[in-house]
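User: I want to learn how to read helix packing and a ligand shell in a model. Can we go through some cases together?

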Amino acid sequence: MTAVDDGAASAPGERIELLRQMIRIRRFEERCVELYSAEAIRGFLHLSIGEEAVAAGLLGVLEPGDAVVSTYREHGHALARGVPMNAVMAEMYGRATGCSHGRGGSMHLFDGERRFYGGNAIVGGGLPLAVGLALADSLRGRNTVTVCLFGDGAVAEGEFHECLNLAALWRLPVLFACENNRYAMGTALKREHAVTDLSLRAAGYGLASWPVDGMDAVEVAAAARRALESIRGGRGPCFLELRTYRFRAHSMYDADRYRDKAEIEQWKARDPIPRLFAELRAAGAAGPDAQVKLEAEVDAEIEAAVAAAESAPLEPITDLTRHVYAETR
Ligand SMILES: Cc1ncc(C[n+]2csc(CCOP(=O)(O)OP(=O)(O)O)c2C)c(N)n1
Ligand SMILES: [Mg+2]
């Protein structure tokens, strides 16, 4: 995990790190598509391709003691939080060395040590968990923030409103990070929400909230830093509406017939990876082969993770009933 502090977001080193992290997430998921097609990994698979600036920018500015709650579209969040790629890939394969011991798969990545409290298959399901974590941390006197990632679809859930209200009322240290990719499965934002400016919805509960260009990792890092500073200063929760787009279908089972192809192309033209690379090139901070070099490094990491997962054991059958009830008190 890389710290990106205020002035540092514009420093070339940090921008290269943001680029590297986005490439890492992109290539990881592209490899997952191949593995899925080859039936090496199974189950559900929700890709965040196009949305990498959110994961890299937001999670890169957290402190180790902060907590993170995520959704089923969380591979990038886990990787950017520092969950080792080997453990994430092994989880995709359902192996015992996976970050959830192979019991969770793509949608349930978890790493207690890094306070990554999971993907969650329930839309909006992470919001009450995040509020509870933040309450527990503040009762224990810890100056930590809980970052709660969720989609635009979760804003239509009742618990969104209950959680924002309670967090604001109790001034809990939560950063609500809405990854607005404009669709909840096949339902477009404007067909689901009477008010499509989601930052206004949060403002209605008294939270400091603002929209952010979620296709720009540097912008995301700067907005996250500003929100974290405010929360750590005891001024209560914040809400970021990170405006982004998924380039691929909702999941591997989605035929993606509800979106105009021209719209997809318009958003692809704002791809956060070539955008940041072009900025670094223009600033003289990256050479013409910088992206290729980063890709080669990342690909080596991914292939090592695939090889490790393929040779890793499955959980033994004798462990079948473990992790149902607590074994220690
Ligand atoms: C409570 C609940 N209702 C419905 C579903 C089915 N469902 C799965 S994903 C999804 C769309 C959620 O969209 P959004 O929150 O925008 O996240 P995105 O998939 O765009 O990242 C729905 C409705 C669910 N998993 N949980
Ligand atoms: Mg969405």
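**Reading the ligand shell and the helix pairs**

Analyst: Start with the ligand. This is a predicted model. Of the 13 residues around ligand 1, those that come nearest are Val123, Gly151, Asp152, Gly153 and Ala184.

User: How do the residues of the shell around ligand 1 divide by class?

Analyst: Sort each residue as nonpolar, polar or charged, with Gly counted among the polar ones. The shell around ligand 1 then has 7 nonpolar, 4 polar and 2 charged residues.

User: Which residues does the UniProt domain annotation cover?

Analyst: An unreviewed UniProt entry carries the annotation "domain: Dehydrogenase E1 component" for residues 21–315. In the model, that span is 45% helix and 11% strand. Its end C-alpha atoms lie 30 Å apart.

User: Now helix pairs. At what angle do H5 and H6 cross?

Analyst: Read the angle and the axis distance together. Helix H5 (residues 126–139) and helix H6 (residues 158–169) cross at roughly 15°, and their axes come within 9 Å. Angles under 35 degrees count as roughly parallel. H5 and H6 are therefore roughly parallel to each other. Their crossing is left-handed.

User: Which residues of H5 and H6 meet?

Analyst: H5 brings Leu127, Pro128, Val131 and Ala134. H6 brings Glu159, Phe160, Cys163, Leu166 and Ala167. By class, the contact of H5 with H6 has 8 nonpolar residues, no polar ones and 1 charged.

User: What about H1 and H2: at what angle do they pack?

Analyst: Helix H1 (residues 12–37) packs against helix H2 (residues 52–59) at an angle of about 135°, with the axes 9 Å apart. Roughly antiparallel needs an angle over 145 degrees. So H1 is oblique to H2. The crossing is right-handed.

User: Which residues of H1 and H2 meet there?

Analyst: From H1, take Leu18, Gln21, Met22, Ile25 and Arg26. They meet Glu52, Ala53, Ala55, Ala56 and Gly57 of H2. The classes in this contact of H1 with H2 are 6 nonpolar, 2 polar and 2 charged.

User: One more pair. How do the axes of H4 and H12 cross, and at what angle?

Analyst: Helix H4 (residues 85–92) and helix H12 (residues 290–310) cross at roughly 50°, and their axes come within 8 Å. That makes H4 oblique to H12. The crossing of H4 and H12 is right-handed.

User: Which residues make the contact of H4 with H12?

Analyst: On the H4 side, Met85, Asn86, Met89 and Ala90 take part. On the H12 side, Glu301, Ile302, Ala305, Val306, Ala308 and Ala309 do. Sorted by class, the contact of H4 with H12 has 8 nonpolar, 1 polar and 1 charged residues.

Terms used
Residues are numbered from 1 along each chain as its sequence is written. Chains are lettered from A and ligands numbered from 1 in the order in which they are written. This is a predicted model: local features need pLDDT of at least 70, side-chain atom pairs count only at pLDDT 80 or more; totals for chains, interfaces and linings use all residues. Axes are lines fitted to C-alpha atoms, for helices over the stretch in contact, and angles run from 0 to 180 degrees between N-to-C directions. Helices (H or I, at least four residues) and strands (E, at least two) are DSSP runs, numbered from the N terminus. Angles under 35 degrees count as roughly parallel, over 145 as roughly antiparallel, 65 to 115 as roughly perpendicular and the rest as oblique. A crossing is left-handed if the near helix is turned anticlockwise from the far one by less than a right angle, and right-handed if clockwise. Two residues are in contact if their C-beta atoms, placed from the backbone, lie within 7 Å. A residue is near a molecule or strand if its C-beta atom, placed from the backbone, lies within 6 Å of it. UniProt positions are given in the numbering used here, feature names are shortened, and annotations may be inferred rather than shown by experiment.
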